[in-house]
Structures are given as C-alpha cells and as structure tokens.
Amino acid sequence: MADLQPSTESTSPLGDEQTANSSTPERSLVVRSQAQNSGFFSRFRYHIFAAGFAFLLSPLAFIWPGQSPVDPTNYAERTRRVLKTTPLIDGHNDLPWQLRIELHNRIYDGRVDLTKRLLGHTDIQRMRTGMVGGQFWSVYVDCDIHQQHFEDPSWIVRDTLEQIDVTRRFIDEHPQHLQYCDTAACARKAFQSGRISSMIGIEGGHQVGGSIASIRQMYNLGARYITLTHNCDNSFGTSASTVAAGGPDGGLFKLGFEAIKEMNRLGMIVDLSHVSHQTMRDVLSVARAPVIFSHSGAYSVTAHLRNVPDDVLRTVKRNGGIVMAVFVNRFLRMKDPDQATIHDVVDHIMHIVEVCGWECIGVGSDFSGTPYVPIGLEDVSKFPDLVELLMERGATDEQIRLFAGDNILRVWSNIEKRAREIQATGEKPVEEEYEGRQWHKGLKDSPWMLRGSREKAIESGAADKPYMFNVDGDGKHNPAVKNV
C-alpha cells in the first residue's frame, strides 16, 4: 500500500524540458509516512469525535467543575456536591425552647452535650450529617394565657431576653461548629470556614410587648427576624389562630403598619408565618423590603390557615420575598396528619415553585418545635433526603442551590440594602405607640420641662410626694409610717 512507503515526491527522470514537451500527461506518485497519518486515531478520529459529542449529551455526562462526571440520576452524589458548595439554611428551629423547658436555660452543668446524639430532632452531630449550613434559631416564648388583653402586664419580654441570652451562649459554647451571624455576608463566610451560621428569630410580635421601641432593642441584641404574630393577636395584627377559632380577620392593625415601616428601616426581616391571610396581604401592600415566611406551606395543597394562598404567593414573587417550606404534619395533611410524609413536603414545595418560582422557595422545618414531623423527615439529619426527592422531581442543581440557601441569603441581603437606602434619606425611627397605652403619671412636683405639664399631671392623678422610705417625724425609719 502506498501509505506504507517512505515519504518522497517523484518527478520525471528526463528533466523539466522533456516534461514540458511531452504530450503524455504527467504522472507522479505521492507517498506519505505511516508516522504522519496512520494509526488508530487517524483511522477513527471522526468516530471518536462523534462518540465524544454523544457522551456530552448522555446522562453520564453531568460534569462538575474540577470534579469527575456524575450520573444525574445519582441524586445522593449530586446532593452531596451541591450542599458542599451552597449552605442549606433552615429558617426555623426551636431548640432554644427545649433548652428553656428541659434545662431552665442551664447549659453548663453537663446534663446535655449538643455535639452528641440526643433524643428529639436536633443536635450538632445530626446537623452535620444533614449537611446543615445555616440555622435561624427561634427564641420563642408562648403567648401569655393570663393576659386578657395584649396590653396587660406580662413577663414575656423578660422571657424573650432570656431566650436571646441562652441562644447566644450555646452558640458561643460551640465555636468549632457554630458561628453567630447577624448579616447575610457573615452567613456565607461562616459556611466557607466550615461552621454553621447561627441567626436569631423572634417568633411573635407579642414578645416585644407591643412596643416599636422594643423592636429596635431586639435588633440591637442580635435578632434578625420577627414573626409578626404567633398564635395570638397582638398590637400589630391578626393571627391565623384567631381566624381558625372563628374570630374576624382584622388584618394588620394601625400600629402594625408603623411596625412594618420601622422594621424595614432597621433591616429587621418581617416574617409572615402565623399571621392571618388578610394580615399577609396588608403587610405586602406596604412593605418597602422583601418579606419571608420562615415556616409555612401552600394553602392550595392543604387548606390550613397557616399556609400561604396563591394570590399571596404571586405577591411574594413581586415583592422579592421567600416562603420557607414547613415540616409540620397538620399543615401538610389536615385530615390525616399522622400519614404525612416527606413526599407531602415535596408537593408543597413544588406548588410554591409553580406559582412563585424557584427564586422564592426555601426550607423552614420547625424542628424541635412541632412534636409531629413527616415520615422520612424525622430530624435534622434528613435534609439531604428532601433534596434528593426534589431532584427526582426534576429540580436542577442550580434550582436546588436557590432552594437550599441562595434565595434566603439574597432576600436577606436585599433587606439589608433597602434598610441602608432608607436610612440614607435621614428617616427617623418610628415613635408611634399603641393608642390605648397607659403611661406613668409622675409627681405633682416633678421638675417639669414644659409649661402646663404640672397641671396635666395633677388632672391625671399624679402623686403628691415621692417614696418616703418610712421616715417618721423624728427623721427615723419607722415601718409604722405609711409611705406615699
């Protein structure tokens, strides 16, 4: 074969002249070296290119930058790779409440080691297994059943301060695993350093005593979201529980509009889980920043008042907010909650996605708060199983990244940005108070600053004298002397 001969190019042995004068067409033989064009690649290069192109289109060609290809039906490996590079941030966990009711907030006496396997839903060991990258810890305190009206005296604010304290302390007690964060940037940095970002959320406006000034102080203490109501109305608005019990849906109250204004100015995240449907709509009509639902489901899937109606989901999309899917059985399946499974959670997630988009979905378990969780989502170690099922339903890796943590971090960052913009205008803190609030009256002879104040104090029943410390006419302390 010619291809096997040494490479040379033959010319006529008679020279150029004979070649030019010859009437016979010039014939020459061109031979090429085997080393130049032969071999397996040369013969089959087109087949190889075609096969490579087909491989790129095949299910086995799921290429990760800097990593080997992975079969897209290998949901476990895909989940592992996504959650290694994107933090899974849960919007709601009530572990601090368990510390309160079980330990009375005493965490140094050796009774509990959060790094070891505990009962219940939450410990650090299982959080690591579940690839949790960030956690909003709820500093929840019950509505006060002894209050006939939300302006009645209560210890709720004190108890909330104690919950913030114990949460900060247990975070600080595990610096190798947990990192307290009060900004979205901190949450990303903590994940990159291998720690679980730990944020604080207040689960109910009743926990600030109906005071906008208290909202500011809670922000200063490190809380970064407030659920506007829990299972009771407060001075800000109507709760879902009120409507479920047959009460009117009064929506957002007058002071509630002012609270939203101040929370947007501060950068305090507005959480609409637990509020009535009209309260949701009222808040979204005036919010100047995105809102969140830290642990709620889809009302069209399960018609529980704690879930979010479709019209609200569409408004959340326009608002740029997020709904973080809840794991509470009775919110997932009202008729037969004991039959709730991980698949019901996926159903709620996919409906929220269908109406609102992948940009406004997240996860908000309510672990360590709800006593009943779905089959397949028994504790914090099970988050990867949920991700795998979403992939099985067709979610791409980029969509999973949004769901896991990118959405809540984007929403939080936008809330922070909006707060800076509002503050840059010079807007002052809100000073509005509940209209029915009772104020201290002072003393008749207080060093009043303004004219007319003394007269108003006398009319309102101000005291004649300050506390006298039981001093009698002889200038001695005497218990028999009545104090004024």
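**Entry 1. Terms and model**

I count a disulfide as a pair of cysteine sulfur atoms within 2.5 Å. The model is predicted, so I take local features only at pLDDT of at least 70 and side-chain atom pairs only at pLDDT 80 or more, while totals for chains, interfaces and linings use all residues. Residues are numbered from 1 along each chain as its sequence is written, and side-chain values use heavy atoms, with hydrogens and water left out.

**Entry 2. Disulfides**

I searched the whole structure and found three disulfides. With the bonded cysteines of the protein chain numbered in sequence order, I read the pairing as 1-4, 2-3, 5-6.

I looked up C143 and C232 and found their sulfur atoms 2.1 Å apart, in a disulfide. The torsion about this S-S bond is about -80°, so I noted the disulfide of C143 and C232 as left-handed. C143 is in the loop between β4 and α7, and C232 is in the loop between β7 (223–227) and α10 (240–244), so the pair ties together parts that are 89 residues apart in sequence. For these elements I use DSSP runs, numbered from the N terminus: helices are H or I with at least four residues, and strands are E with at least two. C143 and C232 are both buried. By buried I mean under 20% relative accessible area, by exposed over 50%, and by partly exposed what falls in between, with a 1.4 Å probe and protein chains only.

I then checked C181, which a disulfide joins to C186 with 2.1 Å from S to S. This one is left-handed too, because the torsion about the S-S bond of C181 and C186 is about -65°. C181 is buried at a relative accessible area of 0%, and C186 is buried at 16%.

C356 and C360 also form a disulfide, with sulfur atoms 1.9 Å apart. I have C356 as buried at 1% relative accessibility and C360 as buried at 2%.

**Entry 3. Aromatic pairs**

I searched the whole structure for aromatic pairs and got seven. I pair rings of Phe, Tyr and Trp (its six-membered ring) if their centres lie within 6.5 Å; planes under 30 degrees apart are stacked, over 60 edge-to-face, and the rest tilted.

F136 and W412 make a tilted pair, at 5.6 Å centre to centre and 55° between the planes. F136 is in strand β4 (residues 132–138) and W412 in helix α17 (residues 397–424), so this pair ties together parts that are 276 residues apart in sequence. I found both F136 and W412 buried.

The ring centres of W137 and F170 are 5.2 Å apart and the planes are at 80°, so I logged the pair as edge-to-face. W137 is in strand β4 and F170 is in helix α7 (residues 156–172), so the parts tied together are 33 residues apart in sequence. W137 is buried at 1% relative accessibility, and F170 is buried with a relative accessible area of 2%.

I also noted that ring pairs link F136, Y225 and W412 into a cluster.

**Entry 4. Charges over rings**

I call a charge over a ring if NZ of Lys or CZ of Arg is within 6 Å of the ring centre and within 35 degrees of the ring normal. The charged end of R168 sits over the ring of Y180, 3.7 Å from the ring centre. R437 lies over the face of W439, at 4.3 Å from the centre of that ring.

**Entry 5. Largest pocket**

I looked up the largest pocket and noted about 480 Å³ of space in it. It has 24 lining residues, and those closest to its centre are Q147, F150, E151, D152 and G209. By class, I have its lining as six nonpolar, 12 polar and six charged residues.

A pocket here is found on a 1 Å grid over the protein atoms alone, as an open set of points where a 1.4 Å probe fits, with protein on both sides within 12 Å along at least five of seven lines; lining residues have an atom within 4 Å of a point. The volume is the space filled by probe spheres set on the points, which are joined across faces, edges and corners. Ala, Val, Leu, Ile, Met, Phe, Trp, Tyr, Cys and Pro count as nonpolar, Asp, Glu, Lys and Arg as charged, and the others, Gly among them, as polar.

**Entry 6. Positive phi**

I noted that D366 has a positive phi of about 70° although it is not a glycine. D366 is in the loop between β11 (361–363) and α16 (383–392), and it is buried, with a relative accessible area of 9%. N470, not a glycine either, has a positive phi of about 55°. I located N470 in the segment after α18 (453–459).
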